[in-house]
Amino acid sequence: MSKVRSVLQTEDQICCFRSITSSGVRVLWEITSACNLRCDFCLVEMKRKQVSLEKALDIADELVARGVDKVLLSGGEPLVFRGVEHVMRRLVDGGVLVKLLTNGTVENEAVYRMIEDDPTIEVSLSVLSVRPEKADAIFRRAGAWAKLCATLDRLRPEQVNIITAVSTENYDEVEEILDWAAARHIPGISVINVFKDPNSPARFRDDCRDYTIERSTVDRLFERLEAKRQEYAGRMVIRTTQFRGCGGEECGAGRSVLYIDALGRLLPCTLTDNTEWRLRAHGLGIGEAMDMYAREIDELPASSCVSLLRAQVAD
């Protein structure tokens, strides 16, 4: 079982992958770019290939050997990767905290039995609306909401975190989603802004900036979130990501935060400009790439977080 746990606290953070006060090394692993849903604003680039199960197990062994504390297993949809339960088991047995980032609509009995048997495994579910027809429309799959709820019913609430990407599609539903999560005794929800970077194309369209809520709307959103934070204080953590920082945050890209893409390449972060790093990391093992980044990334790398990090310094 994992020796570490995620930090659960209310905060306004910039980094998508770690709490401001957390320590250790964590890796976002996009084990596949394939997915069973077709969310219009998905930012995961579709890749025609993915690593084999044998290669994925080798990567898991390397992460364990390098002392990685936490792996966020993502996609696409990670549960469509054949044999993903073996990768999870290899990581868990090596003492790594595994957090599964899933849409909750894929049946995978082996994985969910493992989660039921091991309370250290964490699950993040993407909830964009709690109105069934609206949720299905966003997911572009009839019955998706019912499947997500069925998945949630079999999980311990304390193992679950909800991720809600706020957009023009669901801005008016934020309180509904928070109330729904609290009623299910879920301990934490992350309200995120994933459409901020205009250079990040969507999966199915060239530009998804029209989903971004306006600055004045963001200010009103934070007023509403503050009211809910007071209402649910001591019961549910409400954190925000990629809207604004609350000070003291540093970029850990390439050092304490790393990203493995569906082709098995270790890159500094999913939000960094990886054009050069993809070439530099080609053919390198996990450990070799980690050593390269430790040597060569000594300042803030180009990413969609730069303006937010600099703004907190200015403030």
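## Close-up views of salt bridges and a pocket

View A. E109 is partly exposed, at a relative accessible area of 39%, where buried means under 20%, exposed over 50% and partly exposed in between (1.4 Å probe, protein chains only). Helices (H or I, at least four residues) and strands (E, at least two) are DSSP runs numbered from the N terminus.

A note on the model: this is a predicted structure, in which local features need pLDDT of at least 70 and side-chain atom pairs count only at pLDDT 80 or more, while totals for chains, interfaces and linings use all residues. Residues are numbered from 1 along each chain as its sequence is written, and side-chain values use heavy atoms, leaving out hydrogens and water.

**View B. R131 meets E173 across two loops.** Here the salt bridge spans 3.5 Å, N to O. R131 lies in the loop between β5 (122-126) and α4 (132-139), and E173 in the loop between β6 (160-165) and α6 (174-183), so the pair ties together parts that are 42 residues apart in sequence. R131 is partly exposed at 33% relative accessibility, whereas E173 is buried at 0%.

View C. E11 is in the segment before β1 (12-13) and R239 is in strand β8 (residues 237-241), so the contact links parts 228 residues apart in sequence. E11 is buried at 6% relative accessible area, and R239 is buried at 10%. Across the whole structure, a search finds 21 salt bridges.

**View D. The second largest pocket.** About 240 Å³ of space lies in this pocket. Among its 20 lining residues, C15, E249, E250, C251 and G252 are the closest to the centre. A pocket is an open set of points on a 1 Å grid over the protein atoms alone where a 1.4 Å probe fits, with protein on both sides within 12 Å along at least five of seven lines; lining residues have an atom within 4 Å of a point. The volume is the space filled by probe spheres set on the points, which are joined across faces, edges and corners. By class, the lining has 11 nonpolar, 6 polar and 3 charged residues; Ala, Val, Leu, Ile, Met, Phe, Trp, Tyr, Cys and Pro count as nonpolar, Asp, Glu, Lys and Arg as charged, and the others, Gly among them, as polar.

Technical notes. Salt bridge = Lys/Arg side-chain N within 4 Å of Asp/Glu carboxyl O.
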